[in-house]
Amino acid sequence: MKNFDIEEVRKQFPVLDQKIYGRQLVYFDNAATTQKPLCVIERERDYYLNENCNIHRGVHYLSQMATEAYENARKTVATFVNARKSEEIVFTRGTTESLNLLATSLGQLLINKGDKVVVSAMEHHSNMVPWQQMLIREGGELLVIKMDENGVLDLNHYAELLKQRPKVVSIAHISNTLATVNPVKEMIRMAHEYDIPVIIDGAQSMAHQVIDVQDLDCDFYVFSGHKMYAPMGIGGLYGKMEWLEKMPPYQFGGEMVDKVSFEKTTFNKVPFKFEAGTPNVGAALGLETAVKFIQSLDRQEVERHEDMLLNYATEQLAKIDGIRFIGRAPRRNGLVSFLVDGIHPYDLGTIIDKMGVAVRTGHHCAEPVMTFFGIPGTVRASFAMYNTKEEIDIFIKAVEKATLMLR
Ligand code: PLP
């Protein structure tokens, strides 16, 4: 039977068991990257110790084994997000590369002069700049769904934007600055009424929520392995087969081709058409192991635990004099962003770091969000399954102390 034993889970993450400036580390920068469990580290190490080989091209034993392992990793990820077929998973370096792939390839397929793409006011730069730059090249226009002071998207405005018949909608599932969980299923349904494809940026959701791409009915779902306990340098893109088949390749080179001559090149089938060059095989196997690690736990319990951490942290922070929360949507997940009156977030972050507490400060790659709230940045504490209530107590004491020092 699956369970969730926090002590056992923490043993899987030896990096947590260390002192920073003589204090026990409290790692609350999980939205930037999660730590990796031993099983993931060992899987990657084992690959390089015993299995390392280039894939898809070799007739020899090791190459065939590595190819099989890599394709099995694809199957595991496909099952994890409930894709119809494993070929609907394209391995990339992560969310950023997946979104660049989509902006380039869908851009070529769908966007002509005067066409529009919809994003939201709370996007990470990765889900905004690639579209913006593509639209500058093509002579199109970026439409932005408004949000309110709580960090909730205005669905009436979204409905109005859809009437302008944009060619693509691309939105975050969970905001990395505001923690807002967007009603993506409803937003996908609304766009589909106009036959507009929808991309969901799942960078902040894969580690926290069960993702079912068929239930969401999204056309694309993108994610980063390193934010879900897997190594850096691997991530993916789920795409409905009918779209992936129509889309042109994004990069050219080995592996993505079928027949090549100086006159003409034909391309490999999906997903290989989108995987030019040698992929990060070791990291893909690490991603598969991370997925199996998550699947081995009681996910409802994990969600409950993470919700408890977020609620407790928010309640305790609310007691601090001069606290201002940035992001107060009714549905939030994974993180809390805040400011303390009269204190620069950078100063607060730097001081609590000296107390062993790792948080992120700044604009979190979402400068338009900071501009909207008229602030230089926030302090962001983001949680993972291995964090504890006791760690939140340490964090709160550190913030209180820093606040006294900086006032
Ligand atoms: N989208 C969101 C919502 C994110 O939080 C991040 C990273 O923080 C990204 C995209 C980019 O992810 P990566 O840097 O792993 O490509």
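View 1. Arg84 is partly exposed, with a relative accessible area of 44%, where buried means under 20%, exposed over 50% and partly exposed in between (1.4 Å probe, protein chains only). Glu88, at 2%, is buried. Their side chains meet in a salt bridge (4.0 Å, N to O); the term stands for a side-chain nitrogen of Lys or Arg within 4 Å of a carboxyl oxygen of Asp or Glu. This is a predicted model, in which local features need pLDDT of at least 70, side-chain atom pairs count only at pLDDT 80 or more, and totals for chains, interfaces and linings use all residues. Residues are numbered from 1 along each chain as its sequence is written, and side-chain values use heavy atoms, with hydrogens and water left out.

**View 2. Glu71 and Arg74 in helix 3.** A salt bridge of 2.8 Å (N to O) joins the two side chains. The residues are three apart in the helix, separated by about one helical turn; helices are DSSP runs (H or I, at least four residues), numbered from the N terminus. Glu71 is buried at 18% relative accessible area, and Arg74 is buried at 1%.

**View 3. Asp215 and Lys185.** Here the salt bridge spans 3.0 Å, N to O. Asp215 belongs to helix 8 (residues 213-216) and Lys185 to helix 7 (residues 184-192), so the pair ties together parts that are 30 residues apart in sequence. Asp215 is partly exposed at 43% relative accessibility, as is Lys185 at 42%.

View 4. The whole structure holds 19 salt bridges.

Methods:
Helices (H or I, at least four residues) and strands (E, at least two) are DSSP runs, numbered from the N terminus.
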